[in-house]
Amino acid sequence: MSEVTTPYEPGTPCWTDLMVPNQQAALDFYRDLLGWQGEIGPEAFGGYSMCTLRGKAVAGIMKTPEMEGQPSPPPAWTTYFTSADADATQAAINANGGKVIVPVADVGTIGRMLVAADPQGAVFGVWQAKDFAGAQIVNEPGALVWNQLQTSDIDGARAFYKAALGLDSGPMPELPEFTGFQVKGRTIGGVQGMENLPEGTPPNWLVNFSVDNVDSTVDALVRSGGNVLAPAFDMEKIGRMAVLQDPQGGVFAVVSLASAG
């Protein structure tokens, strides 16, 4: 089942959101590309948009905040990991070489969150659920299907995420040449080096959304003003994938899983 009906285990990616200068343009773009519904939210929450698929929350989109005396951060997708205690996770991040960017804070009554960077610079979020656990649909077209860390130091990243988030790591049974992150023996994400990425690419967490057809999705993205960073290619035992950039610069990947036909 792709609908999430039980709480996320600590350490599991549970949410993703996009920060962009033009929030409405992003809402329109992802509506047309992935079938999401969403509108600019209430001012009390900074206008944060909760995007839905079949009426269930799948991702967030927010406007880049103004930074006094500092350049605005670039458009980017952020992966959030579940924590049973965001304050303890923040302390573990600090103690193991990470950098807290947005300290722990309450988000109304729905949860507590923070944003941090690992020692190599990859940005990620932490979410402690209260009234809202995270994505309510995953692993189906239009929803989050995979989170992949691209890093300059695989061993260092494995040690950090073990200490900070409790993630185990090791070979993936279906793809022994890759390294996976695990929670209680279940693979919940992966990590790879940056040898095949364009020079100057910073370490990052790449979000992957499932789609019915990668090639038609790429065509639709190009027609809407997006860029193709890695053209569609086949992955043995996995499916077909492409790495894309929306018109404002947000990078993400789309995947059509072989098992989904």
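User: Asp28 first: buried or exposed, or partly exposed?
Analyst: Asp28 counts as partly exposed, at 27% relative accessibility. Buried is under 20% relative accessible area, exposed is over 50%, and partly exposed is in between, with a 1.4 Å probe and protein chains only. This is a predicted model, where local features need pLDDT of at least 70, side-chain atom pairs count only at pLDDT 80 or more, and totals for chains, interfaces and linings use all residues. Residues are numbered from 1 along each chain as its sequence is written, and side-chain values use heavy atoms, leaving out hydrogens and water.

User: And what does the Asp28 side chain meet in a salt bridge?
Analyst: Arg31, at 3.3 Å from N to O. The term covers a side-chain nitrogen of Lys or Arg within 4 Å of a carboxyl oxygen of Asp or Glu. Arg31 and Asp28 both sit in helix H1 (residues 23-34), three residues apart, about one turn of the helix. Helices (H or I, at least four residues) and strands (E, at least two) are DSSP runs, numbered from the N terminus.

User: OK, how many salt bridges does the structure hold?
Analyst: 11. One of them pairs Arg54 with Glu3, with the closest N and O atoms 3.2 Å apart. Arg54 is in the loop between E2 and E3 and Glu3 in the segment before strand E1 (13-20), 51 residues apart.

User: What's the phi of Arg54?
Analyst: Near 55°, a positive value in a residue other than glycine. Arg54 is also exposed, at 52% relative accessibility.
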